[in-house]
Amino acid sequence: MDPDLDAAVLHALFTQPPIGLHVLDPELRIVRFNSAAPGVQGLDMSDAVGRTWRELGFAVDDVESMLRTVLQTGEAVTDFRYRGRLAVLGGVEKMLSISAFRLQDAEGRTLGVAGTVVDITDRDRAERRLQLLYRASERIGSSLDVFRTAQELADVAVGELADIVSVVVLDAVLHGEAPRPGPLFDPVTVRQAGHRAVEAITAVSAIYAIGEVRVIPLGTPFAQALSDLRPRLVRHLNADNPWLVRHPAHAEMVREAGVHSLIAVPLAARGVVLGMTIFYRGPGSPPFDDADLGVATALVTRAAVCVDNARRYTRERTIARLTQRALVPDRLPSYTAAQTAYAFLPVAPRGVWYDVIPLSGARIALVAGDVSGHGLRPVTTMGRLRTAVSALAAMDLQADELLEHLHDLTEQLAREHPPAENSDQPELTATCLFVIYDPVTRTCTLSRAGHPAPVLALPDGSIHIVDVPAGPNLGRGVASYRSTSVDLPEGSILTLHNAELLQDTDQDQLPAFQNAFSTPTGLTGPLQDMCDALMTTLLPDNPADDALLLLARTHTLGPDQVASWTLPGEPESAAAARRLVAGQLTDWDLDDLTFSTELIASELVTNAVRYSSGPAQLRLINDRALICEVSDNSNAAPHLRHAEDDDEGGRGLYLVAQLAQHWGARRTGRGKIIWTEQALP
């Protein structure tokens with residue numbers, strides 16, 4: 001080869017490349033280096049030949065160990081990464097890429113090692129920033145909770161971008177409200193939602209207590225950022241800055257934590273200001289620069305969308321909860337048939353409802369239901385189903401028949417309002433338990449559609465889950481429901497609940513009922529106290545859904561409140577009915593109602609004799625109203641007519657409707673019952 005060419009190449013190799021090139025002997029002493037080496041590595045190499053890197057101040061054990069391994073094994077190493085803040089590097093963190101290979105002569109003897117050093121600090125920072133944004137997209141927004149989202153933002157940024165991160169949100173955001181759009185010019189009240197600092201800095205923990213409320217004063221970088229929605233970069237910060245002098249608490253934090261640089265970025269999404277994120281750097285960290293400002297802005301922009309999603313979820317949840325409370329009764333009405341008490345814990349707004357509905361004949365209906373899903377949609381659906389149940393119950397339908405009608409309505413609602421595409425809302429279904437209790441016969445009739453069966457506590461101390469045939473959920477499958485009837489001794493307690501507290505198979509939970517009902521007075525103790533104690537026992541530690549308990553302690557109408565007679569199917573029975581009614585009302589000291597009740601009983605018995613075969617049953621019930629019932633074996637439903645002036649008949653039911661406060665008909669196993677109610681004087 002041409003010696004002049006070899007010399008020219010060697011000269012160019014050690015003078016022109018932008019990377020540092022070192023030739024070391026077997027003892028790792030510098031033999032030769034190129035002109036770029038001092039600038040890349042930051043070493044004073046004016047007297048470097050014959051000395052090691054350690055002697056020049058670059059005492060890095062892992063780098064030296066790597067070089068010795070190359071010497072011993074002959075295996076080249078490429079892109080060995082070193083990050084550090086050595087004094088020879090000016091105290092500034094740098095990332096160096098070091099490659100090394102062993103030098104040998106023609107006979108294979110080791111001459112030393114050659115190494116290249118490339119400063120990849122800028123590239124490394126760019127990679128780390130991209131990795132930070134990627135991690136942020138994975139970790140921020142894992143829930144729809146404002147505080148948790150804000151804390152996730154602080155956790156991601158500390159250690160990578162800043163030494164201290166503080167996230168504050170407007171107080172309205174925590175309630176789901178949308179602050180006014182655009183910049184904020186007045187002093188703003190914020191609440192601390194997230195905070196994190198590196199372990200070496202502990203002076204700020206008391207200042208940034210989560211949940212603490214404070215005001216962002218005017219004249220600060222924070223207020224300036226909120227006033228025009230542009231981030232602020234304060235490269236050099238000290239306690240003598242004019243705006244810090246006016247705010248001693250913040251100035252004290254700056255002094256104690258050694259903070260020397262900050263970035264303030266408005267937390268805004270969809271045109272709405274939600275709060276602010278403040279990044280600080282302390283001792284040992286370089287001041288923020290424009291690149292850091294870009295990363296902080298991108299990070300906060302991503303987090304702001306998650307915070308706004310949490311705000312909107314909180315808003316919908318709040319509206320759903322308020323709507324739910326408006327659609328279920330605040331207090332249960334009192335009826336003679338049963339004393340009731342309830343406990344309702346709306347954990348996650350969903351369509352849980354309960355009701356106590358008055359029925360004809362002094363009966364009551366107990367209802368518990370649950371609509372699938374969470375949020376406003378199932379809550380409003382619950383309101384529609386509850387209204388439908390009340391309307392169907394007023395028609396005196398049987399329990400299983402009522403559920404069949406409710407099933408059809410739920411199917412219709414599901415067709416009208418299907419779940420949106422890519423929505424996590426389930427298909428609309430519901431559960432319902434419908435119970436009818438008659439205080440005259442002490443008969444309890446139950447039917448259910450996918451709802452847990454109730455628990456019955458008897459006066460003798462026995463407790464068991466009532467065996468009620470299980471039907472399909474409302475709106476799912478074929479509407480096939482059956483009912484069952486049980487006789488309840490007076491003073492029995494029937495407990496309706498939802499699946500969050502007890503399933504049909506949870507027999508091991510029955511002792512909780514035993515404990516709740518084991519009062520000094522037995523089942524006759526305060527019912528609300530029993531209900532509260534039972535809720536406390538059955539409620540899981542971290543309930544995921546609403547929890548409901550509805551207790552009903554049964555009562556019986558005694559012989560002194562009920563009178564009944566069997567009348568033959570003859571025209572003379574109408575007169576007999578008038579006599580019997582008059583005598584009974586005299587015994588009850590209700591003479592003021594004698595005339596109207598005689599007329600009602602006479603008309604109803606006349607219709608029973610005319611349109612049915614066999615005897616008629618006449619019954620009077622002295623409850624909160626005077627109830628008159630006439631039953632027969634005909635299934636023909638009564639029809640109210642408005643007779644013409646020249647008609648000779650057809651005015652019977654019209655007169656009954658005018659005299660009674662309420663009237664109606666209900667079917668029975670052997671026919672029907674026509675009933676009326678009159679207010680007591």
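This is a predicted model: local features need pLDDT of at least 70, side-chain atom pairs count only at pLDDT 80 or more; totals for chains, interfaces and linings use all residues.
Reader: What span is expected for α4, and how far does the helix reach?

Author: With 19 residues, 121-139, α4 has an expected span of 27 Å at 1.5 Å a residue. From its first C-alpha to its last it reaches 26 Å, close to that value. After the helix comes Gly141, with a positive phi near 95°.

Reader: Why is Thr554 called buried?

Author: Buried means under 20% relative accessible area. Thr554 has 4%, so it counts as buried. Thr554 sits in strand β22, and among the residues it touches beyond four places away in sequence are Ala337, Ala338, Tyr437, Leu488 and Pro489.

Reader: How many cavities of 30 Å³ or more does the whole structure hold?

Author: Searching the whole structure turns up 1 of that size. The largest cavity has about 40 Å³ of space. Its lining includes Thr554, along with Ala338, Tyr437 and Leu488. Strands β14 (364-371), β15 (430-438) and β22 (547-554) are the elements that each give two or more residues to this lining.

Technical notes: Residues are numbered from 1 along each chain as its sequence is written. Side-chain values use heavy atoms; hydrogens and water are left out. Helices (H or I, at least four residues) and strands (E, at least two) are DSSP runs, numbered from the N terminus. The expected span of a helix is 1.5 Å times one less than its number of residues. On a 1 Å grid over the protein atoms alone, a cavity is a set of points where a 1.4 Å probe fits but cannot get out, and a pocket is an open set with protein on both sides within 12 Å along at least five of seven lines; lining residues have an atom within 4 Å of a point. Grid points are joined across faces, edges and corners, and a volume is the space filled by probe spheres set on the points. Buried means under 20% relative accessible area, exposed over 50%, partly exposed in between (1.4 Å probe, protein chains only). Contact means heavy atoms within 4.5 Å.
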